[in-house]
Amino acid sequence: AMLEADLKLALRHNGLALHYQPQVDAAGQKLLGLEALLRWQHASLGAVPPTRFVALAEECGLIDELGLWVLGQACGQLADWRRRGVPIPGIAVNLSASNFQNAELPAHVARLLQQHGLAPRDLTLEMTESVMLAPDPAVLAGIHAIHAQGVHLSMDDFGTGYSSLSYLHRLPISELKLDRSFVQDLAHSETARALTTSVLRIGESLALNVVAEGVETEAQRRFLAERGCPALQGYLFARPLPAADLENWVFELS
Ligand code: G
Ligand code: G
Ligand code: MN
Ligand code: NA
């Protein structure tokens, strides 16, 4: 209950922050986009992992407010970068399954884009396969409404969750994020190599963007590049960075 109260305070009084991790092309040379990742530095506990406080926000009814804060913050930051000539192609935001249950979500997204002068294509919403665990009609309607606005939808942690391939043709998603567990095992697991190759083929045949997560080594980058992976994300290129550090990283890249 203590932590709950602290989270509410942090959410309402500027105690949360977004960090931004670059997504690059297979050569590691061109910036393709950013993923926004939520951070909470608690006064006495230190950094609280987002998985922990996102779960807490779901339990105590703060998840809608949290999702909207993240969306508003990400859109505001992107608009600020654009105004100042920092060349950021677009931004991806993580939402939890319950955010998609909110019937107001599509309208909120549309209003934020308009308010910040952004195009729908500038924004990607990442969801996890858990959205499809209980695919209630409200969630599916929300997903379709967001897609109809021209906002990209991305399936995060692809291959780890519910993993029924059937939702690939039932959901209007435009991107798969290959889970980092596959990337991590590339060097020593033939299975990881085969599954990675299969996910890249699925992406290719369904015309989906594929982002490989958790790329940490040059050998992983090369394997993914050789198999035509369109986009990479991981510590090899940059950690999730505060906005000012991300900006410096972008200027050093170009
Ligand atoms: O960056 P990091 O390892 O700490 O993120 C851990 C997990 O927390 C990731 O699975 C990510 O999807 C989730 N996460 C990070 N930021 C957000 C956010 O803004 N909203 C939601 N719902 N989840 C987030
Ligand atoms: O939303 P998602 O579950 O994909 O969250 C991405 C998570 O992966 C974040 O917690 C981020 O900090 C983490 N991450 C990003 N790059 C790397 C990496 O190269 N290695 C590892 N181990 N984690 C990473
Ligand atoms: Mn993600
Ligand atoms: Na992931």
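Which helix or strand supplies the largest share of the shell around ligand 1? The first legend below answers this for the predicted model.

**Figure 1. Surroundings of ligand 1 in the predicted model.** Helix H2 provides the largest share of the shell around ligand 1, with three residues. Both strand E2 (31–42) and helix H2 (50–59) contribute at least two residues each. The shell comprises Leu37, Leu38, Pro49, Pro50, Thr51, Val54, Val70, Asn94, Leu95, Ser96, Asp156 and Pro240. By class, eight of these residues are nonpolar, three are polar and one is charged.

**Figure 2. Surroundings of ligand 2.** Ligand 2 is surrounded by 14 residues, of which Asn94, Gly214, Glu216, Gly234 and Tyr235 are the closest.

**Figure 3. Strand E4 and its pairing partners.** Strand E4 spans residues 91–94; Ile91 and Val93 point one way from the strand, Ala92 and Asn94 point the other way, and all are buried. In a regular strand, side chains alternate between the two faces of the sheet. Three bridges link E2 and E4 in the parallel sense, with leucine 34 opposite isoleucine 91 of E4. E4 also pairs with E5 in the parallel sense, over four bridges; here alanine 92 stands opposite threonine 124 of E5. Together with helix H4 (residues 105–115), E4 and E5 form a right-handed β-α-β unit.

**Figure 4. Strand E6 between E5 and E7 in the pairing scheme.** Strand E6 (residues 152–158) is largely enclosed by the rest of the structure, because six of its seven residues are buried. Strand E5 (residues 123–128) runs parallel to E6 and is joined to it by five bridges. Threonine 128 has aspartate 156 of E6 as its bridge partner. From E5 the chain passes through helix H5 (residues 137–148) to E6, in a right-handed β-α-β crossover. E6 is also joined to strand E7 (residues 175–178), in parallel, by three bridges; phenylalanine 158 stands opposite leucine 178 of E7.

**Figure 5. Buried and exposed sides of helix H9.** In helix H9 (residues 218–226), the buried residues are Gln220, Arg221, Phe223 and Leu224. These residues lie on the same side of H9, because they cover an arc of only 165° around the axis. An α-helix has 3.6 residues a turn, so residues three or four places apart point the same way. Glu218, Ala219, Arg222 and Glu226 are exposed on the other side of H9. The cover over the buried residues includes helix H7 (180–184), strand E8 (209–212) and strand E9 (231–232). After H9 comes glycine 228, which has a positive phi, near 80°.

**Figure 6. Leucine 62 in the loop between H2 and H3.** Leucine 62 is located in the loop that lies between H2 and helix H3 (63–83). This residue counts as partly exposed because 19 C-beta neighbours lie inside 10 Å, whereas 20 or more would be required for it to be buried. Leaving aside neighbours within four places in sequence, leucine 62 is in contact with Leu7, Lys8, Leu11 and Ala57. The C-alpha atoms of leucine 62 and glutamate 4 are separated by 9.2 Å, although the two residues are 58 residues apart along the chain.

Technical notes: Residues numbered from 1 in each chain as written. Chains lettered and ligands numbered in written order. Predicted model: local features only at pLDDT ≥ 70, side-chain atom pairs only at ≥ 80, totals over all residues. Buried ≥ 20, exposed ≤ 12 C-beta atoms within 10 Å, placed from the backbone. Arc of directions from axis to C-beta. Contact = placed C-beta atoms within 7 Å. Pairing = 2+ DSSP bridges. Right-handed = clockwise from strand over helix to strand, strands pointing away. Near = placed C-beta within 6 Å. Nonpolar A, V, L, I, M, F, W, Y, C, P; charged D, E, K, R; others polar.
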